[in-house]
Amino acid sequence: MKLNKKHPLYQEDIRNILSLIDSDRLKGKSFLITGATGMVGVMLIDVLMSIDGVMVYAVGRNKAKAQKRLGDHFGNPMFSFIEQDVCQPFCDELKVDYILPMASNTHPLAYSQYPIETMLINIHGAINALNLADKSGATVVYTSTNEVYGNAIANEEFTEDYNGKLNLSNARSCYNESKRSCEALCQSYIAEKGVKVKIARLCRIFGPTMLESDSKASSQFIKKAIAGENIVLKSEGNQYFSYTYVADAVYGLLTVLLNGEIGVAYNVSSEKTNVHLKDFAGLCAKCCGKEVVFDLPSEAERKGFSIAMNAILANHRIKELGFKPIYTMEDAIGRTMEILKP
């Protein structure tokens, strides 16, 4: 399973994003992106590198991994890879227009195996990004998560002002609580230092830029389908979640960057891809002519799983910025399969 960036559908995804944003406003701008080899980071960089005059500084801990994921840009003078742990401060001489701190452990197995590292990456990564913005005058677009809402108390949608039921009694809270703390840091840097920060809360993202190591349920479904195997579901599948195809997520992120207000949080989600987990699995199984089978998770896997049963993100606020989601769930899953299949 390998991302084919030259695939016509992937190139169409990039064109779709560019057609819906005012890319002229980004010409001549510079970007520092951490988590550059992640699912969102790769497509975001591919989109930005398609715009004339955009300079991208991609930050990652492993140059060899970056060359596999972003190697098509390494010979471009408008692209620079910085091999650095985001827990370390950035060089004071670095001057950019926008900073997007996206480095994080974002899948369940990482939460359960490395809860301390997960917290430190999130918190130190945010602090170093905010400090650089303070010194250089850059605007930060902080990528937060639906996890900050906790669990729905009933069947409410998560608006940006919603506070759900939180659980601090297990190590999995390393992710959502550190993300909440980072949002508080963003608001603190705005209030105390006048740093320009916008917040984009991403939901469960899937698509062809997924990592082979990704242990999220959606990624496991897609990998099984591409391999022509039955889809394994480790629960009854009644969870009802907001998912977003990666191209819609990048489009939403750039919408917030261009049109969002300082200090305001925006849910990046699509009503077209809200789905029960069992139906996501069923669509993947249908694509490969297989079945959905049920299997209990291991203890290590269970520790990383969300206990949320209902997590739907309202997207009224970002729609007021002009965001109009593109893809249906069927289309998004089909595109992912086509782009990734051998």
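**Close-up views of a predicted model**

View 1. Glu229 is partly exposed, with a relative accessible area of 35%. Here buried means under 20% relative accessible area, exposed over 50%, and partly exposed in between, using a 1.4 Å probe and protein chains only. This is a predicted model, in which local features need pLDDT of at least 70 and side-chain atom pairs count only at pLDDT 80 or more, while totals for chains, interfaces and linings use all residues. Residues are numbered from 1 along each chain as its sequence is written, and side-chain values use heavy atoms, with hydrogens and water left out. The side chain of Glu229 forms a salt bridge with that of Lys224 (3.1 Å, N to O); a salt bridge is a side-chain nitrogen of Lys or Arg within 4 Å of a carboxyl oxygen of Asp or Glu. Lys224 is partly exposed as well, at 27%. Across the whole structure, 17 salt bridges are found.

**View 2. A salt bridge between two helices.** Asp134 and Lys193 pair through their side chains in a salt bridge (3.9 Å, N to O). This pair links distant parts of the chain, with Asp134 in helix α5 and Lys193 in helix α6, 59 residues apart. Helices (H or I, at least four residues) and strands (E, at least two) are DSSP runs, numbered from the N terminus. Asp134 is partly exposed at 34% relative accessibility, and Lys193 is partly exposed at 43%.

**View 3. Along helix α5.** After α5 comes Gly137, with a positive phi near 80°.

**View 4. Asn105 in its loop.** Asn105 sits in the loop between β4 (98-101) and α4 (108-113), and it is buried, with a relative accessible area of 12%. Its side chain makes polar contacts with the side chains of Glu117 (3.2 Å) and Thr118 (2.9 Å). A polar contact is a pair of N or O atoms within 3.5 Å; within protein, one must be able to donate a hydrogen and the other to accept it, and residues adjacent in sequence count only if both atoms are side-chain atoms. Leaving out residues up to four places away in sequence, Asn105 also touches others, including Tyr114, Ile121 and Tyr175, where contact means heavy atoms within 4.5 Å.

**View 5. A look into the nonpolar core.** The largest nonpolar core has 81 residues, and Leu26, Leu48 and Leu100 have the most contacts inside it. Helix α8 (residues 246-259) supplies the largest share of this core, ten residues. A nonpolar core is a set of buried Ala, Val, Leu, Ile, Met, Phe, Trp, Tyr and Cys residues joined through side-chain atoms within 4.5 Å. Apart from neighbours within four places in sequence, Leu48 is in contact with Leu26, Phe31, Ile33, Val54, Val56 and Leu254.

**View 6. Cysteines without a bond.** The structure holds zero disulfides, a disulfide being a pair of cysteine sulfur atoms within 2.5 Å.
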